[in-house]
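Colleague: Could you walk me through how the helices pack in this one? I have a few things to ask once it is on the screen.

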Amino acid sequence: MRRLHPHFPHVEAEVAFACRHEFAQTPIDVLAQRTRLSFLDVTAARAALPRVMEIMALEKGWDAEQARDESERCETYLDSMLMPGAGRAVKHPGAEVLAA
């Protein structure tokens with residue numbers, strides 16, 4: 001079984017299973033609700049998206065236009081998951097108390 005991303009346990013078969021048996025309708029359903037990958041690591045979710053799209057397009061019978069629309073919607077969603085200041089340290093109020 002091939003993983004969707006090498007650092008996470010989710011496999012490609014889970015995408016097909018989610019479409020067939022769990023009523024997953026969009027890649028957001030798969031990456032956010034079924035695997036939770038978008039919450040765990042948005043970069044990994046973004047890397048997995050092309051393969052998720054390939055599998056879902058086959059399972060759902062999407063044409064190229066619908067697949068592109070779904071992919072764009074998912075990209076927008078994943079962009080919304082990025083935290084302000086991602087990629088640099090952010091100091092939160094009271095963090096020094098927790099570190100002590």
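Predicted model: local features only at pLDDT ≥ 70, side-chain atom pairs only at ≥ 80, totals over all residues.

Colleague: How far apart are the C-alpha atoms of Gln33 and Ala18?

Modeller: Along the chain, Gln33 and Ala18 are 15 residues apart.

Colleague: At what angle do the axes of α2 and α5 cross?

Modeller: Good one! Helix α2 covers residues 27–34 and helix α5 covers residues 64–81. On the α2 side, Pro27, Ile28, Leu31 and Ala32 meet Glu70, Arg73, Cys74 and Tyr77 of α5. By class, that contact holds six nonpolar, no polar and two charged residues. The axes come within 8 Å, and they cross at roughly 35 degrees.

Colleague: What is the handedness of the crossing where α1 passes α4?

Modeller: Helix α1 (residues 12–21) packs on helix α4 (residues 42–60) at about 35 degrees, with the axes 9 Å apart. The crossing is right-handed.

Colleague: How many charged residues are in the contact of α1 with α4?

Modeller: From α1 come Glu12, Val15, Ala16, Cys19 and Arg20, and from α4 come Arg51, Val52, Ile55, Met56, Glu59 and Lys60. Sorted by class, the contact has six nonpolar residues, no polar ones, and a charged count of five.

Key
Residues numbered from 1 in each chain as written. Heavy atoms only, no water. Axes fitted to C-alpha atoms, helices over the stretch in contact; angles between N-to-C directions. Helix = DSSP H or I, 4+ residues; strand = E, 2+ residues; numbered from the N terminus. Left-handed = near helix turned anticlockwise from the far one by under 90°. Contact = heavy atoms within 4.5 Å. Nonpolar A, V, L, I, M, F, W, Y, C, P; charged D, E, K, R; others polar.
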